[in-house]
Amino acid sequence: MPYISVESGTLTEQQKELLIQKLTEVSSEIMNIPQKFFSVTIKELPDKCFGIGGKTIDKVKSEYAEKLFEQKEGKNK
């Protein structure tokens, strides 16, 4: 029975459902194993406990959202 484990920052319920669905679909297709045999777990780490590029994920998300907002505001001028 294939087992897929994902570690990530905080996700919404919708994101988790879609991630489980898509990982199962694609893996089943690639491995030629029926979807009903797959197990998927998601281990969420708080954004303050998970880092990339020397910054916590909450900081990265905040900076990214700010950048998108600035780009959007620039297009509306």
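Visitor: Quick one to start: is K16 buried or exposed?
Guide: K16 counts as buried, because its relative accessibility is 17%, and the cut-off for buried is under 20%. Please keep in mind throughout that this is a predicted model.

Visitor: Which residues does K16 form salt bridges with?
Guide: The side chain of K16 meets that of E13 in a salt bridge of 3.0 Å, N to O, and the side chain of K16 also meets that of E44 in a salt bridge of 2.9 Å, N to O. E44 belongs to strand β2 while K16 belongs to helix α1, so this pair ties together parts that are 28 residues apart in sequence. Taken together, E13, K16 and E44 are linked in a network of salt bridges.

Visitor: And how are E13 and K16 placed in helix α1?
Guide: E13 and K16 are 3 residues apart in helix α1, which means that about one helical turn separates them.

Visitor: What about cover for the two partners, E13 and E44?
Guide: E13 counts as exposed, because its relative accessibility is 54%, whereas E44 is partly exposed, with a relative accessible area of 30%.

Visitor: How many salt bridges does the count come to?
Guide: The count comes to 5 salt bridges, and one of them joins the side chains of E63 and K55 at 2.8 Å, N to O. E63 is partly exposed at 32% relative accessible area, and K55 is likewise partly exposed, at 38%.

Visitor: Changing topic, where is V6, and what does it touch?
Guide: V6 is found in strand β1, residues 3–8, and it counts as buried at 17% relative accessibility. Leaving out residues up to four places away in sequence, V6 touches L19, L23, T41, I42 and K43.

Visitor: Where does D47 sit?
Guide: D47 lies in the loop between β2 (39–44) and β3 (51–52), and D47 is buried, with a relative accessible area of 13%. Setting aside neighbours within four places in sequence, its contacts are G9, T10, T56, I57, D58 and K61.

Visitor: Which residues make the nonpolar surface patch?
Guide: V26, I30 and M31 make a nonpolar surface patch of about 310 Å². Of these, I30 has its place in helix α1 and counts as exposed at 65% relative accessibility.

Methods
Residues numbered from 1 in each chain as written. Predicted model: local features only at pLDDT ≥ 70, side-chain atom pairs only at ≥ 80, totals over all residues. Heavy atoms only, no water. Helix = DSSP H or I, 4+ residues; strand = E, 2+ residues; numbered from the N terminus. Buried < 20%, exposed > 50% of the residue type's maximum accessible area, 1.4 Å probe, protein only. Contact = heavy atoms within 4.5 Å. Patch = residues over 30% accessible without salt bridge, like charges linked within 9 Å, V, L, I, M, F, W, Y side chains within 5 Å. Areas by Shrake-Rupley, 256 points an atom, 1.4 Å probe, with all protein chains shown as cover. Salt bridge = Lys/Arg side-chain N within 4 Å of Asp/Glu carboxyl O.
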